[in-house]
Structure formats: C-alpha cells, structure tokens
Amino acid sequence: MESEHLKRLEAKEADHIPAILSEFNTKNADLLVFDSFRTDNQWHELWLAIFGILEDQKLSHLHTQCLNTVRILTRDEFSLQTNYIEHEVNTLLKLARIEASSLKLPATPDELKQQERQEPQLEPSQAQSEVIAEALKCLCNLVYQNSDCRRQCLRQHCLDAILKRVASSMRHPCALEYYDMKLLFLLTALEPAARSRLQIDLNGLTYMTKWLDDKLGEDSVGDEQLNIICELLKVMFNVTSAPDKSPNEYEIQSLHLTGVLRELLLRFGDMATDKDRAVVTHAINLLTNISGSCLTELTLRCSNAEIESLKEREQDKEKDGEKDTEAGAKAKPRKCCSLCFEKRNVRSLDVLLRYLRQSLAQQEAEASSHELLSPVLTVLVKCARSDRVMRHYLRQEILPPLRDVSQRPEIGQELRNHLCRFLTLPAMILRDLSAELLFVLCKEDVGRMIKYTGYGNAAGLFAKRGILDCRRVEGADYSSDSEDSDTEEYKQQQQGINPVLGCVEPRGRSHLDEISEEQKEYEAMQLVNLIEQLRQGGIVKPALIDRDGRPQPLEHILQLQEELPQQQLDQKRKT
C-alpha cells in the first residue's frame, strides 16, 4: 500500500477510504505471503489504521470494508505472533457481539425462552448482520493462527454469547449462523478448556441438540442450512469426544441426541447430493462418540407391531366380555414401515450400510485412504454389540446364508467380500474393525467365523485373541435362538470345502501319487531339515499352540511330530 493511502486511512478521510480499501481488498483477495508488508512496519501501521476506523462509530458505514481488510491481514501468522493485538481482538469481539456479557446463560433452552420473553432483544439489521459476519470471519482466522487469541476469547466468555445467540428464538442470517458455528468449532477443536466449559458449565450439548432438532423440523433445508448443520455436527463431535459429565447425565443427553441423529439419517439417507452425503458423514462421525447402550435409539418399534399388540389386547378384552369399540377402530390394519425387521424400523441401519457400500465403491475408484471407512465400521460394531435385533439385521445384510462357495470369501463385490479383504490389510485400524464386526456378527463363534471368512483370513484375529486352536471364546454373551443358516446348496458342497481357504478347492493331480512311500519319507525329512535351517538362521520361528491358545516358539522342529498324536486325538473329539 502506498504511503499516501496509508496516511489518509490514519487521518480517517471518509471520502477516500472506500476507494482505497476496495483497491486493496481486490488486489490482495488471495494473498497468503506477506513478506512485502513487513518492510518498514507496514503491516502494523495498516492494522492500527484500520482499527482506528472500526472504533469510530461515525464511520460505521465503512466497517464492512474495513473488516474485509482485517480478514486479509489475519492470514499473516508471523505478524500476529510478533505484535500485541489484545485490544484489537476485543474490538472484533464487540463488533461480532460476542463480548463478555453480564447475562448468565440459562441451564436449559426452555429457561432461555422464558428469559427472552422477560427481556426481549432487538433483531440486528441487515447491515449490522453483515458486520457481525465479517467480524466472525476475522476471529476465525485469529483463533486458528494464534493461541493467545483463543485464550482471550475464552476469558471474554465468547462461548456463552455464541451459544446464547444460537439457541435464541430470534432468526439470524445463514452467514451469521455458519460463522458462529465455524468459530465454535475452531475453539473446541484447538482448546480442551473450551470443550469442558461448553459441555459442563454451559450444558452446551443440550442446547445444540435442541437447535439441530429445530433445523431438521424445517420444511425445506437449502445448501446454506446444510453447511450450518455440518459445522454444528463437527462442534458436537468435539464436545462429545471426551465427555466429562457423570455417566447417567451424559447417557440421558446421548439418548436424546441419538434420536435426533436417527431423524437426520432418515431425512438425508438418500444422499442424493454431495451436501446430503456430507451431513450423513458428520452424523456418523458423531455416532462414534455415543455409547453403545444409546444406539438402540437408531431403531424404533414399527407402527405395525403396535397395532398387533393392540389387537392382542382387544382379543383379551373380548374374551372377558369387555370389548372397547373405540380401541377396535384404532386397531385397523395399516401399512407397516418400508424397512421392518423383527417388528423394528431399521431404516437408519440401512442408511449406514448404503453409506458403507458407497464409501467402498469410492475408495476403490479413487484409491482413497482406508481410514475414511473406520467411522462407519465403528458404529456398525457398536450397533451389533448393543442390540440383538440390530445384530440380526446386520448379519442378514453382511453375512447372508452361503450358497455359492466356489470362490474364496475375499473375491467378489458383496460386503462380506470387502470385509474379508480388509482382514489381511496392513492398515491396522481398518483390519481390526472389519475383523471385530465379522466376529460379532458370528456371535464370536470360531467355527462360524471360519465358515464365512476362511481360517487363513481370520488367523490374525484368532492369534490376537488367543484362539488359534479354535476354542470357544469365554464370556461371550449372545442369544441362542438363531436358526441354522445352512442352505441346501451349502450342505451339498460342505464336505469339499477347504476351511483354510473358505471355499471348495478344486481337486488337482497330486505329485505325491506318483512317488513311493520311501520317497515321501525322504522328501519329508528334507523339508524338516530345511525348516530347521531357517529356524536356526532366525528367518522363521515354528510354533505350537499352547494351552492359552497363543503361539509358543519351538526349540526344535521335531517337536511338531511329538504333538501330532495329541492333535489327532483332539480332532477326533471335535468330530
């Protein structure tokens, strides 16, 4: 900026300021490197000149332009660190109307509404809303760049002011709501103290859940509203990532939140647009922080099931001679929900599975990171562990009864095939989540796991849990009312299935059929000697399964032969 322009800004020449700032903002709209501004202390002088205008109420019509300039200057992390800006931050907080307030935030949204009726607030004009939004943009940059600014915002109780504005019944422009959430997200992401205060002191999760519920209750939700919902879900994820409240109080909040997230999944579950998919993504991320006991709220009792129970009660009354005609009228059959499973509406689970399928297709097409799949797998594992009906439905969709066992479990495009491929991945998070999901759907039954995945794919899970000897998992608590899932096609091919591969192994010509027993014995001893050489060289470590179900290294390869009779006896007992 020319020195003459800077002097006019410092002198607050109102006639020239709009043209000077318009030229500066247009020229530096995408500026990220500020080396030229650090010569002759130009950055600091421009900073002070702009804030001199912002603090002058007579020049309020220029504040939006000035804040655009401030937003550009706040990209310079070095200058923010080397200059004292506490006074300017307070000015921005005041312009954004989130400075320290003497009014205490009520404990619940209902109390806030009562307070608003007693002390009504004036709704800001369009010009004032633009100034507030621009000031929030500047604060977002400052909070992201400067730790001192973050702590100053917390000292000024800006969390209280933002939460009060968000939860108020007053309508605000979408831009203002969006940057309120953006600032709240940055504070809760970068400052652990902000998460604790928002959750414990301000009861923020209750306020934000109510606000999210109100957003979902609107007839139409445009792209701007979807952006706001995404930012809100991100803030709630930060707050719930490390819950500090008592377990009972947090569970009550989580139950309500899960119910609202269920409605969100049902509304945007079609994922027709990228915005809808983004909302579902953030909702799934938030569900990973919810305890498994609360995830039962994802499914509801079907309306048809309620009618059936009403009919049963009506029949009992008829037997007793106490027929209620009004109840009989209400008990007329009507169409059940579109996705009814064991008298429960499982459409939200269907949305999760549809999201998983789309993510798998996208991951293969774009070779994206495997960790992008971990949130939805985490939620599915929690659902399968927490509720019998959800586990049954997920098993039906992921592990349907086997019919064609001619191919290995990891070959194909079904969910089971994808998850079996993940079992041998080097990506530990995705591998472990896939293994746990499949194992839980198999009720932690080793034989059933081998049936659906093959022993080779599941060996890593078995080794980790100490069940390589295929023993039953102790402490597994599952219902025993599941029916036999073997199909006729599977039973016909069952004898030819190789349990290690998990499929029927085509019989080929064996080279051992053409050699004598003496040659077989000689080749076996040669193999023993070669393995012993590898063991002595430290290349491999042959092992046996000990009583704990874990591999135990051998001192000599011939120990395998000593254990052979016991292994054969154990196999006979199993059969």
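**Figure 1. Overview of the whole protein.** The protein exposes about 31000 Å², and carbon and sulfur atoms supply 49% of that area. The model is predicted. The protein holds 29 helices and 7 strands. Of its 575 residues, 44% are buried. Take the contacts with a separation of 6 or more: residues 24 or more positions apart account for 74% of them.

Figure 2. Thr-240 belongs to helix H14, which spans residues 223-240. Is Thr-240 buried or exposed? Thr-240 counts as buried because its relative accessibility is 1%, and buried means under 20%. Its side chain reaches the backbone oxygen of Met-236 at 2.8 Å. The side chain of Thr-240 also makes a polar contact of 3.1 Å with the side chain of Asn-289. Leaving out residues up to four places away in sequence, Thr-240 touches Leu-205, Tyr-250, Leu-286 and Asn-289.

**Figure 3. A sheet of 3 strands.** This open sheet has the order E1-E3-E2, and its pairing is antiparallel. Strand E1 (300-301) and strand E2 (340-341) stand at the edges. Each has a single partner strand, so one side of each has no neighbour in the sheet. E1 and strand E3 (residues 344-345) run antiparallel and are joined by 2 bridges. Leu-300 has Asn-345 in E3 as its bridge partner.

**Figure 4. Two residues with positive phi.** Glu-342 sits in the loop between E2 and E3. Its phi is near 50 degrees, a positive value in a residue other than glycine. Glu-342 is partly exposed, with a relative accessible area of 38%. His-157 lies in another setting: the loop between helix H9 (147-155) and helix H10 (158-167). The phi of His-157 is near 60 degrees, again positive in a residue other than glycine. His-157 is partly exposed, at 36% relative accessible area.

Figure 5. Side chains of opposite charge can pair when their charged atoms come close. The count for this model comes to 30 salt bridges. One of them joins Lys-210 to Asp-214, with the closest N and O atoms 3.0 Å apart. The two residues are separated by about one helical turn because they are 4 residues apart in helix H13 (residues 204-216). Lys-210 is partly exposed at 25% relative accessibility, and Asp-214 is partly exposed at 37%. Another salt bridge links the side chains of Lys-520 and Glu-517 (3.5 Å, N to O). Both residues lie in helix H27, 3 residues apart, about one turn of the helix. Lys-520 is partly exposed at 29% relative accessibility, whereas Glu-517 is exposed, with a relative accessible area of 55%. Elsewhere, Arg-385, Glu-436, Glu-444 and Arg-465 form one network of salt bridges that share partners.

Figure 6. The side chains of Arg-262 and Glu-297 meet in a salt bridge (3.9 Å, N to O). This pair links distant parts of the chain, 35 residues apart. Arg-262 is in helix H15 (residues 247-268), and Glu-297 is in the loop between helix H16 (274-287) and E1. Arg-262 is buried, with a relative accessible area of 11%. Glu-297 is partly exposed, at 29% relative accessibility.

Figure 7. Val-540 is placed in the loop between helix H27 (517-536) and strand E6 (543-545). Val-540 counts as partly exposed, at 31% relative accessibility.

How values were computed: Residues are numbered from 1 along each chain as its sequence is written. This is a predicted model: local features need pLDDT of at least 70, side-chain atom pairs count only at pLDDT 80 or more; totals for chains, interfaces and linings use all residues. Side-chain values use heavy atoms; hydrogens and water are left out. Buried means under 20% relative accessible area, exposed over 50%, partly exposed in between (1.4 Å probe, protein chains only). A polar contact is a pair of N or O atoms within 3.5 Å; within protein, one must be able to donate a hydrogen and the other to accept it, and residues adjacent in sequence count only if both atoms are side-chain atoms. Contact means heavy atoms within 4.5 Å. Two strands pair if DSSP finds at least two bridges between them. Accessible areas come from the Shrake-Rupley method with a 1.4 Å probe; for residues, only the protein chains shown count as cover. A salt bridge is a side-chain nitrogen of Lys or Arg within 4 Å of a carboxyl oxygen of Asp or Glu.
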